[in-house]
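Welcome, and please get your viewer ready. We will take a short walk through the structure, one selection at a time.

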Amino acid sequence: MRISEKFKEGKEQKRSLLIGFITAGDPSIEVTPKLAKALVEGGVDIIELGIPFSDPIADGPTIQSSSMRSLSNGTTTKDILDMSKKIVEELDVPVVLLTYYNTIMKMGIEEFLHEAEKAGISGIVSPDLPPEEGEEYVKLAKSKSINTIFLASPSTSDIRLDNIIDSTSGFLYMVSLFGVTGTRDLFTDYSSQAIKRIVERVNGRVPVAVGFGISKPEHVRNFTKLGVDGIIVGSAFIKIIENNLDNSDLMLEKLNKLAKELSHAANN
Amino acid sequence: MNLKSQPTDGKFGIFGGKYVPETLMPVVDELEEKYNEIKENEEFNKKLSKLLQDYAGRSTPIYFAENLSKKYGGKIYFKREDLLHGGAHKINNSIGQALLAKSMGKKRIIAETGAGQHGVATAMACALLDLKCEIYMGSNDVERQSPNVFRMKLLGAEVHSVKSGSQTLKDAINEAIRDWVTNVESTYYLIGSVVGPHPYPMIVRDFQSVIGREIKEQFPKITSQQIPDVIIACVGGGSNAIGTFYPFLDDECKLVGVEAGGLGIDKGKHSSTLSAGSEGVLHGARSYLLQDKDGQIQETHSISAGLDYPGVGPEHSFLKSQDRVEYVSINDEEAVNAFVEMSKLEGIIPALETSHAIAEAIKRAQELGDKKSIVVTLSGRGDKDTPIIAKHLGNNL
Ligand SMILES: Cc1ncc(COP(=O)(O)O)c(C=O)c1O
């Protein structure tokens, strides 16, 4: 399914989409599709699969540990692409890959996109690739109908934002705060101000999804009110995985439950 | 191609660039702008020169190592960066960037350190210029370079021991970048080598190029030659090497960068990024890396913490691709032997990092014979390494 169709659906239903992030291969490559299924059954609209990287500079301790668990299982890029195909075929939601740029570079941009296309991937986020360094990548991805999801941050100026939007398709990934990934209890006014400014400036040119730190229904409600089109939740789900490594039934149940609560909050 | 040209669009050939999270993009753009402004500023340059002279101890001498030359052949000279305040070349860069940070209105400085020399130099510059200083250091390095940890603390810096990954320089940089993304508005990241996103590799190179400029001025005064036949420096991230080489890029002399061979490249336990790595993106720049087939960064090994890094400055990758600099590898054992030899023959205890360059110089002197001149950048002194050498040599010392 295309990302744009999903956002259209959300708009029609007057809700923001819930985008769920998990690391592929944590706790194992076999279990990842089950986790995705539990999330989707709980109301997650788009699955974002992280390809683990040894040096995840944009991530806090929760996703760092998750990446290390996956890598210590010996997870490879190829395993992840093969497994993604299964998720795409089984669940009727768009699947997005999150990958540090070195993973793409190592395989070769063209080859990586080709494999992603074969797996049915709808879009790619690369947290350390700004549009300035991604010209060839954007061009090739476009030819394969894979969306290139770039990021905006509270420090992004309006002029930079316009340039970022020109390279962005699918949705814009708005980073809610200054910092790395990881759940936060409270958001400062600064985040709301930044999100408002970005949503206004984007003005419907692409959907805006906000992520980093979001873990509670009240966060989801607050940000949805600011007019964002999607909410991205990662570390909150991964904490559940981390805390239930020895009980996969409970892990699935809790993931499903949190997804339900959050998607319910996105419905307002 | 003019090898000495400034990076275009932040790149040295295809290497370098700005591969950073969006939050940092406006920050590195601003830094580039500010730096390009200030490097032409007379007042800034006066202040920098004065501090380098009166505080850091520049210029450093160039010294003919007679005993070593007599034993191994060639004419071996040392550029004495070990005599600088703090005991290494790192202060050239730390003072420059701390002044830059101050002019940008930043009050908090963060830095990574491997051997602890950059941490010490940065802590000194921050004490001097009244800046808050926090240093990230891999927990492995905290242990093996403990004398420097104590020095940093004495100088008023807070030292964060980093327990993730291989617990060395790479992980210290990861953690410093995470801090930077979190505190962008208040904080200046004072990178210690010619690595990281543009403009850092250019800034650090410019501040370290004083090494090569002085060699160029001093060498003809003490020899009958204008330019040395061979110039050698060790390469961790590559700052003392690029600072040494840069003024000589257009001259006719052999330039040799020495990486850490650890237990041997064939054993897979080393830090010889340029000799054994492949292209990739790490810590904000495209360069050579030690990585597996999936692009996961590999664990490195070197007896010297300052060379124990799976990446290398992008300009070195460029100079390798142009065949302008030859990059070689010296293993732990050879470095330790050079460390001991240098101490016994010249009365100078060199840093373990530097000992790699000295080992290479000894090899080349034997091959080249008496007529050829070799200049080695003595990037630092080895006091910090005495515990590790004592442990390594045990009763053989
Ligand atoms: C004495 C000394 N030499 C060399 C290095 C390696 O750094 P670079 O390659 O940036 O000069 C270090 C780093 O800690 C050092 O302390």
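Is Cys253(B) buried or exposed? Select Cys253(B) and take a look: with a relative accessible area of 8%, Cys253(B) is buried. Keep in mind on this tour that you are viewing a predicted model.

Stay with the cysteines for a moment. A search of the whole structure finds zero disulfides over all chains. Cys253(B) is in no disulfide, and the nearest cysteine sulfur, in Cys234(B), lies 17 Å away. Now select Cys126(B) and Cys133(B). The sulfur of Cys133(B) is the closest cysteine sulfur to that of Cys126(B), but the 4.0 Å between them is too far for a bond, because a disulfide needs the two sulfur atoms within 2.5 Å. Cys126(B) counts as buried too, at 1% relative accessibility.

Next, colour the two chains separately and move to where they touch. Chain B brings 36 residues to the contact and chain A brings 35 residues. About 2800 Å² is buried between the two chains, with carbon and sulfur atoms giving 51% of that area.

Zoom in on Arg160(A) and Glu22(B): they form a salt bridge whose closest N and O atoms are 2.8 Å apart. Between chain B and chain A the count is four salt bridges, and 19 residue pairs are in polar contact.

To finish, select helix H8 (169-182) of chain B. H8(B) gives the most to the side of chain B that touches chain A, with eight residues. By class, that side has 12 nonpolar, 11 polar and 13 charged residues.

Terms used:
Residues numbered from 1 in each chain as written. Chains lettered and ligands numbered in written order. Predicted model: local features only at pLDDT ≥ 70, side-chain atom pairs only at ≥ 80, totals over all residues. Heavy atoms only, no water. Contact = heavy atoms within 4.5 Å. Buried area = accessible area lost by both parts, 1.4 Å probe. Salt bridge = Lys/Arg side-chain N within 4 Å of Asp/Glu carboxyl O. Polar contact = N/O pair within 3.5 Å; in protein donor to acceptor, adjacent residues only side chain to side chain. Helix = DSSP H or I, 4+ residues; strand = E, 2+ residues; numbered from the N terminus. Nonpolar A, V, L, I, M, F, W, Y, C, P; charged D, E, K, R; others polar. Buried < 20%, exposed > 50% of the residue type's maximum accessible area, 1.4 Å probe, protein only.
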